[in-house]
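Please look through the sequence and the model below before reading the numbered points of this note.

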Amino acid sequence: GLCAALLRTRPDAARPPWHPEQAIPLPDAIHAYTIGAAEAGGWARTIGSITPGKRADLIALDQDIFSLAEQPETVSQIAHTTVLLTVFDGSIVYRHANAPA
């Protein structure tokens, strides 16, 4: 989803971009998936950002997607990012085999 927001096409570029003028930067895409979604659903007081008093819902990734987003030739690599760890409501609910202990 993030890659599509940035590129407006599939990561493999099998098709031309769909309305490329609607591409958005990575911080805006992350905002849309996190606090923006929480606000739209009426949950912004409890989820959507890493803020004291909110549920600790977060992921750890195997690569720096912000660095990848800085270069046009590496943006598509965001689609190949692996989630190493998922924390939901303060508890680890997923740990990839390659995640550090």
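1. T74 counts as buried because its relative accessibility is 17%, where buried means under 20% relative accessible area, exposed means over 50%, and partly exposed lies in between, with a 1.4 Å probe and protein chains only. T74 is found in the loop between α4 and β2, and, when residues up to four places away in sequence are not counted, T74 touches S67 and L68; a contact here means heavy atoms within 4.5 Å.

2. Please keep in mind that this is a predicted model, in which local features need pLDDT of at least 70 and side-chain atom pairs count only at pLDDT 80 or more, whereas totals for chains, interfaces and linings use all residues. Residues are numbered from 1 along each chain as its sequence is written, and side-chain values use heavy atoms, with hydrogens and water left out.

3. The chain has four helices and three strands, and from the N terminus on its elements run α-α-α-β-α-β-β. Helices (H or I, at least four residues) and strands (E, at least two) are DSSP runs, numbered from the N terminus.

4. How are the strands joined? Four bridges join β1 to β2, and these two run antiparallel; four bridges also join β2 to strand β3 (residues 91–95), again in an antiparallel arrangement. Two strands are said to pair if DSSP finds at least two bridges between them. β2 and β3 form a hairpin with two residues between them, and D89 in the turn has a positive phi of about 55°. In β3, S91 is the bridge partner of F88.

5. V87 deserves a point of its own. This residue is found in strand β2 and is buried, with a relative accessible area of 12%. L58 stands opposite V87 in β2, while in β3 the bridge partner of V87 is I92. Leaving aside neighbours within four places in sequence, V87 is in contact with A56, D57, L58 and I92. V87 and A56 are 31 residues apart in sequence, yet 6.7 Å apart in space, C-alpha to C-alpha.

6. Which residues lie nearest the centre of the largest pocket? Among the 23 residues that line this pocket, they are L2, I30, Y33, T34 and I59. The elements that give two or more residues to its lining are α1 (2–7), α2 (26–33), β1 (58–61), α4 (65–70) and β2 (83–88). The lining divides into 15 nonpolar, six polar and two charged residues, where Ala, Val, Leu, Ile, Met, Phe, Trp, Tyr, Cys and Pro count as nonpolar, Asp, Glu, Lys and Arg as charged, and the others, Gly among them, as polar. A pocket is, on a 1 Å grid over the protein atoms alone, an open set of points where a 1.4 Å probe fits, with protein on both sides within 12 Å along at least five of seven lines, and lining residues have an atom within 4 Å of a point.

7. For the chain as a whole, the C-alpha trace spans about 40 × 35 × 20 Å along its principal axes. Buried residues make up 19% of the 101 residues in the chain. Among contacts between residues at least 6 apart in sequence, 35% join residues at least 24 apart.
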